[in-house]
Amino acid sequence: MIEAPGGGIYFAGDTGFGDGSTFREVARAHPQLRLALLPVGAHAPRWFMKDQHMNPAEAVEAFRLCGARQAVGHHWGTFRLTDEGYDESPRELASALRRAGLARSFVTLMPGSIVNEAGTAAKA
């Protein structure tokens, strides 16, 4: 957790979703969370990776539970670590966000890209 004047920034690192209690605890301990950096990749096959890495749908639920205003998905697209395709995680995340009604609040970035305060991704 990084405490900042505009609200906290939470970095989840490599983590599985579990029962979601970690993310509920983050929300309880840090109610003014501005940004969550959540893993969205290296998640397939689920039977093997679920305890280590969230899939995009779980990342959306973690985002909802931790109460952050915005999120950036990480841990995808740099190295092929597991079975999903290079661009599968961002595509799955976009679908999960649409289903949850959060599409503009959670982005993934290509290496070298930036995101502005409005949550819009742009090339650096």
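**Helix packing and salt bridges**

Modeller: Helix 1 and helix 3 run roughly parallel to each other (an angle under 35 degrees; over 145 is roughly antiparallel, 65 to 115 roughly perpendicular, and the rest oblique). The model is predicted: local features require pLDDT of at least 70 and side-chain atom pairs count only at pLDDT 80 or more, whereas totals for chains, interfaces and linings use all residues. Residues are numbered from 1 along each chain as its sequence is written, and side-chain values use heavy atoms, without hydrogens and water.

Biologist: At what angle do the axes of helix 1 and helix 3 cross?

Modeller: Two packed helices are described by the angle between their axes and the distance between the axes. Here, helix 1 (residues 21-29) and helix 3 (residues 56-66) have axes that cross at roughly 30° and come within 7 Å. Axes are lines fitted to C-alpha atoms over the stretch in contact, with angles from 0 to 180 degrees between N-to-C directions; helices are DSSP runs of H or I with at least four residues, and strands are E runs of at least two, numbered from the N terminus.

Biologist: Which residues make the contact?

Modeller: Helix 1 contributes Phe-23, Arg-24, Val-26 and Ala-27, and helix 3 contributes Ala-62, Leu-65 and Cys-66 (contact: heavy atoms within 4.5 Å). By class, the contact of helix 1 with helix 3 has 6 nonpolar, no polar and 1 charged residues (nonpolar: Ala, Val, Leu, Ile, Met, Phe, Trp, Tyr, Cys and Pro; charged: Asp, Glu, Lys and Arg; polar: the others, Gly among them).

Biologist: How many salt bridges are counted?

Modeller: A salt bridge places a side-chain nitrogen of Lys or Arg within 4 Å of a carboxyl oxygen of Asp or Glu; by this rule the count is 3. In helix 1, Glu-25 and Arg-28 lie 3 residues apart, about one turn of the helix, and their closest N and O atoms are 2.5 Å apart. Helix 3 holds Glu-61 and Arg-64, also 3 residues apart, with an N to O distance of 2.5 Å. Asp-87 pairs with Arg-91 at 3.3 Å.
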